[in-house]
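Hi,

Here is the structure I promised to pass on.

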Amino acid sequence: MTVLDQQSGSATPTVVHRRVGLRIQARVSGTLRSQVTIEKLRLHYDGANPLGSGHASISFTVHNIGNTVLSGLQKATVAGGLGLSSRTVDLARLPNLLPGETWDAKASFDDVRGMLWVTASVTVTPVVTDAAGSTSTLSPVRASSRTVVSAWSFVLLVVFVVALVGLVWLVLRVVRRWRRSGRAKVDAKVAAAVQDALLKEKVRK
């Protein structure tokens with residue numbers, strides 16, 4: 001860095017310090033370790049209806065745990081239960097992070113259909129820039145989180161399952177009774193026909 005002092009020519013002279021700096025990229029000896037992690041991934045879902053839609057927001061921190069300067073590409077995905085209404089958005093490019101630096105990021109999604117629970121995943125693809133200015137990408141890093149729409153959603157699910165089982169049991173019971181009644185009627189008709197035939201045989205004798 002160079003410091004230039006310049007004195008003004010006014011009646012009350014002042015000294016102005018001008019600093020000029022140049023960024024220098026150097027490669028030191030040793031093993032390169034380019035690596036980032038996704039930390040503190042949090043998912044919040046705002047929606048009370050377990051089968052309806054709501055607003056989802058996620059926040060996370062990207063941490064450069066390597067020994068090289070890294071940038072990166074970021075994208076986030078949210079989906080309801082069973083993978084329904086899955087949506088993916090590309091987030092702002094990760095700035096150059098020095099070793100040990102962190103970067104906080106956020107994303108929000110409207111009209112997310114929960115379907116009992118909501119899942120979120122974040123993918124960061126690190127980008128390395130060498131001294132010549134060329135870039136290369138590393139293997140993506142992923143993290144995921146899940147949250148329940150509401151505690152009542154599973155209560156409603158249990159009630160629905162119990163009601164469905166009860167309805168099936170009731171239908172089966174009615175069908176069995178109907179079959180038994182039909183068999184009884186058929187047996188009564190057969191017995192009456194046999195008795196009538198025996199009576200007619202006796203009359204003939």
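Arg-179 sits in helix H1, which covers residues 151-204. By helix I mean a DSSP run of H or I with at least four residues, and by strand a run of E with at least two, both numbered from the N terminus. Arg-179 also belongs to a positive surface patch, together with Arg-173, Arg-176, Arg-177, Arg-180 and Arg-183.

A word on that patch: its members have over 30% relative accessible area and no salt bridge, with like charges joined within 9 Å. Accessible areas are Shrake-Rupley values with a 1.4 Å probe, and for residues only the protein chains shown count as cover. A salt bridge would be a side-chain nitrogen of Lys or Arg within 4 Å of a carboxyl oxygen of Asp or Glu. Lys and Arg count as positive, and the place of an Arg charge is taken as CZ.

Before you go further: this is a predicted model, where local features need pLDDT of at least 70, side-chain atom pairs count only at pLDDT 80 or more, and totals for chains, interfaces and linings use all residues. Residues are numbered from 1 along each chain as its sequence is written, and side-chain values use heavy atoms, leaving out hydrogens and water.

Now the strands, which I call paired if DSSP finds at least two bridges between them. There is an open, antiparallel sheet of 3 strands in the order S3-S4-S8. S3 (36-46) and S8 (102-113) are at the edges with a single partner strand each, so one side of each has no neighbour in the sheet. On average, neighbouring strands here are turned by 15° against each other, direction ignored; the axes are lines fitted to C-alpha atoms, with angles running from 0 to 180 degrees between N-to-C directions.

S3 pairs with S4 over 9 bridges, and Glu-39 has Thr-61 in S4 as its bridge partner. S4 (residues 53-64) is joined to S8 by 10 bridges. Along S8, Thr-102 is opposite His-63 and Trp-103 is opposite Val-62.

Then look at S9 (residues 117-129), which runs antiparallel to S5 (residues 70-80) over 11 bridges.

Cheers

Methods: Patches are made of residues with over 30% relative accessible area and no salt bridge: like charges are joined within 9 Å, nonpolar side chains (Val, Leu, Ile, Met, Phe, Trp, Tyr) within 5 Å.
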